Structures are given as C-alpha cells and as structure tokens.
Amino acid sequence: MENEQYKVRKFLQNVAACGAAKAIATLEPKSDQLTQRQAYAFLRKRDTEFGGQWEHGEAWLKRKVQDGTLKPRRKGTKQNSPLIYSKAEILQALAVEEAIREDIFRGTTL
C-alpha cells in the first residue's frame with residue numbers, strides 16, 4: 001500500500017518551495033535568474049541533495065523548453081546572448097512532474 005500522506009506532504013512541500021521561490025523572485029529578481037549552465041548545476045544539486053540520483057539534466061531542461069513548460073529569455077538582443085531561466089519556473093515544473101508521476105490527483109477532477 002502506498003503512503004498517501006507522504007505523497008501529499010511531499011506535494012505540499014514542493015508547493016511551498018515554489019511559493020517561496022516566487023516571493024524571492026519578486027523581491028530580488030536577480031536571485032531568480034539562472035544561466036543555462038547554472039540551471040544544470042541547480043538541477044543536479046537538487047536531485048542529489050539527499051543521496052538521490054541525478055534525473056533532471058540537460059535533456060530534461062531541453063524537453064521542458066520544447067513543450068513550453070519553461071520559457072528561457074535572452075539576456076541581450078543578440079543571438080549568442082545567454083539564455084536566462086527562472087528558478088521559480090524550474091521548481092514549478094519539477095513539482096508538477098512529481099505530482100503527475102506520483103498520481104497525486106487520482107480520484108479528483110483536476
């Protein structure tokens with residue numbers, strides 16, 4: 001039997017982390033900005049923080065950009081200007097993916 005309470009608690013922790021990241025992004029927008037390389041490092045650190053495996057890397061980030069979940073912005077106007085990702089958006093994408101994977105909305109109309 002799956003532990004539903006754990007899944008709900010984990011989901012709520014992810015939602016709280018997204019809210020905190022959004023609040024920090026509003027108060028200090030520069031701290032929310034990550035270059036592509038920093039985004040990879042952020043994902044790696046988040047995945048391996050508590051002994052987990054590194055699951056979300058370059059391919060995951062590219063896939064999320066392709067399907068429209070993440071929208072990087074160019075820092076400048078030139079083609080070779082660095083892409084800037086939002087840390088809050090990355091956390092939201094991770095939370096949504098985990099909620100779907102854990103089937104957290106089973107039995108609801110969401």
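## Surface and burial

The protein exposes about 8,100 Å², with carbon and sulfur atoms supplying 54% of that area (Shrake-Rupley accessible areas, 1.4 Å probe; for residues, only the protein chains shown count as cover). Keep in mind that this is a predicted model: local features need pLDDT of at least 70, side-chain atom pairs count only at pLDDT 80 or more, and totals for chains, interfaces and linings use all residues. Residues are numbered from 1 along each chain as its sequence is written, and side-chain values use heavy atoms, with hydrogens and water left out.

Of the 110 residues, 29% count as buried (buried is under 20% relative accessible area, exposed is over 50%, and partly exposed is in between, with a 1.4 Å probe and protein chains only).

## Fold at a glance

You'll find five helices and three strands here, in the order α-α-β-α-α-β-β-α along the sequence. These elements are DSSP runs numbered from the N terminus (helices are H or I with at least four residues, strands are E with at least two).

The C-alpha trace spans about 55 × 30 × 30 Å along its principal axes. Take the contacts with a separation of 6 or more: residues 24 or more positions apart account for 56% of them (a contact means heavy atoms within 4.5 Å).

## Charges

The protein has 20 positive and 14 negative charges, and their mean positions are 8 Å apart. Lys and Arg count as positive, Asp and Glu as negative, while His and the chain ends are not counted. Each charge is placed at NZ of Lys, CZ of Arg, CG of Asp or CD of Glu.

## Salt bridges

The salt-bridge count comes to five (a side-chain nitrogen of Lys or Arg within 4 Å of a carboxyl oxygen of Asp or Glu). One of them joins Lys-64 and Glu-97, at 3.8 Å from N to O. Lys-64 sits in helix 4 (residues 58-66) and Glu-97 in helix 5 (residues 87-101), so this pair ties together parts that are 33 residues apart in sequence. Lys-64 is buried, at 13% relative accessible area.

Glu-97 also bridges to Arg-101, with the closest N and O atoms 4.0 Å apart. These two are four residues apart in helix 5, separated by about one helical turn, and Arg-101 is partly exposed at 49%. Put together, Lys-64, Glu-97 and Arg-101 form a linked network of salt bridges.

Another bridge pairs Glu-89 with Arg-73, the closest N and O atoms being 3.7 Å apart. Glu-89 belongs to helix 5 and Arg-73 to strand 2 (residues 73-74), so the pair ties together parts 16 residues apart in sequence. Arg-73 is partly exposed, at 47% relative accessibility.
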